[in-house]
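Subject: Structure for you to look at

Hi,

Here is the structure I promised to pass on. Please open it alongside this email; my notes follow below.

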Amino acid sequence: MWPLDLTQINRLQIEITTFCNADCPSCERRGYKIEDDAIYVKPLNNSLISLDNIKKWLPLDKFNSLTEIHFCGNVDEPTTHPQLLDVCNYLKDFEIWISTNGGTRNKQFYVETYIPKYTCLNRCSICGKSEKFHLKLND
């Protein structure tokens with residue numbers, strides 16, 4: 001049994017993928033052991049949470065107090081998820097936050113497709129490994 005009832009949760013933070021397009025110098029991903037002999041290897045760039053699993057794990061009728069969902073971007077880039085808009089559509093009754101480096105989608109995606117459709121806060125972190133990456137964010 002959980003120490004917290006689902007009806008008491010008002011905010012969820014979700015790492016929706018393990019994919020990222022950047023190589024930020026201060027990212028937590030840099031500390032992951034990826035050597036073959038590591039005791040625990042955190043897998044990167046190989047998985048995502050499907051829309052079907054989101055629906056299974058987050059039955060909307062069970063989270064009575066839920067108001068915010070934050071796609072964190074701690075070790076992933078949420079906008080790399082191929083079903084991101086479908087996931088947001090399923091969760092459209094909540095305030096959706098996306099922490100992104102802004103480097104995977106174009107301006108049209110954010111301005112015309114994503115922002116008008118969903119109540120959201122979109123956080124951009126700019127700390128990629130090259131000037132070329134930073135310049136791409138200005139497009």
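The protein has 4 helices and 4 strands. Both are DSSP runs, numbered from the N terminus: helices are H or I with at least four residues, strands are E with at least two. From the N terminus on, the order is β-α-β-α-β-α-β-α.

A word on the source. This is a predicted model, in which local features need pLDDT of at least 70 and side-chain atom pairs count only at pLDDT 80 or more, while totals for chains, interfaces and linings use all residues. Residues are numbered from 1 along each chain as its sequence is written, and side-chain values use heavy atoms, with hydrogens and water left out.

Overall picture

Of the 139 residues, 35% are buried. Buried means under 20% relative accessible area, exposed means over 50%, and partly exposed lies in between (1.4 Å probe, protein chains only). The accessible surface comes to about 8,900 Å². Carbon and sulfur atoms hold 51% of that surface. These areas come from the Shrake-Rupley method with a 1.4 Å probe; for residues, only the protein chains shown count as cover.

Contact means heavy atoms within 4.5 Å. Take the contacts between residues at least 6 apart in sequence: 75% of them join residues at least 24 apart.

The core

The largest nonpolar core has 22 residues. Such a core is a set of buried Ala, Val, Leu, Ile, Met, Phe, Trp, Tyr and Cys residues joined through side-chain atoms within 4.5 Å. Ile14, Phe71 and Leu91 have the most contacts inside it. At least two residues of this core come from each of strand 1 (11-14), helix 1 (51-57), strand 2, helix 2, strand 3 (95-100) and helix 3 (107-114). Helix 2 gives the largest share, 4 residues. Beyond four places in sequence, Leu91 touches Leu58, Leu60, Ile69, Phe71 and Ile96.

The loop between strand 2 and helix 2

Asp76 lies in the loop between strand 2 (68-71) and helix 2 (84-90). Thr79 and Gln83 are in that loop too.

Asp76 is buried, at 3% relative accessible area. A polar atom of its side chain lies 3.1 Å from the backbone nitrogen of Thr17. That is a polar contact: a pair of N or O atoms within 3.5 Å; within protein, one must be able to donate a hydrogen and the other to accept it, and residues adjacent in sequence count only if both atoms are side-chain atoms. Among the residues that Asp76 touches beyond four places in sequence are Glu15, Phe19 and Arg29.

Thr79 counts as buried because its relative accessibility is 2%. Its side chain makes polar contacts with the side chains of Glu77 at 2.5 Å and Thr104 at 2.2 Å. Contacts of Thr79 beyond four places in sequence include Leu84, Ile98 and Tyr110.

Gln83 is partly exposed, at 26%. A polar atom of its side chain lies 3.1 Å from the backbone nitrogen of Leu51. Beyond four places in sequence, Gln83 is in contact with Ser50 and Leu51. Gln83 and Leu48 are 35 residues apart in sequence and 9.7 Å apart in space, C-alpha to C-alpha.

Arg11 lies over the face of Trp97, 5.1 Å from the ring centre. The rule asks for NZ of Lys or CZ of Arg within 6 Å of the ring centre and within 35 degrees of the ring normal.

Best wishes
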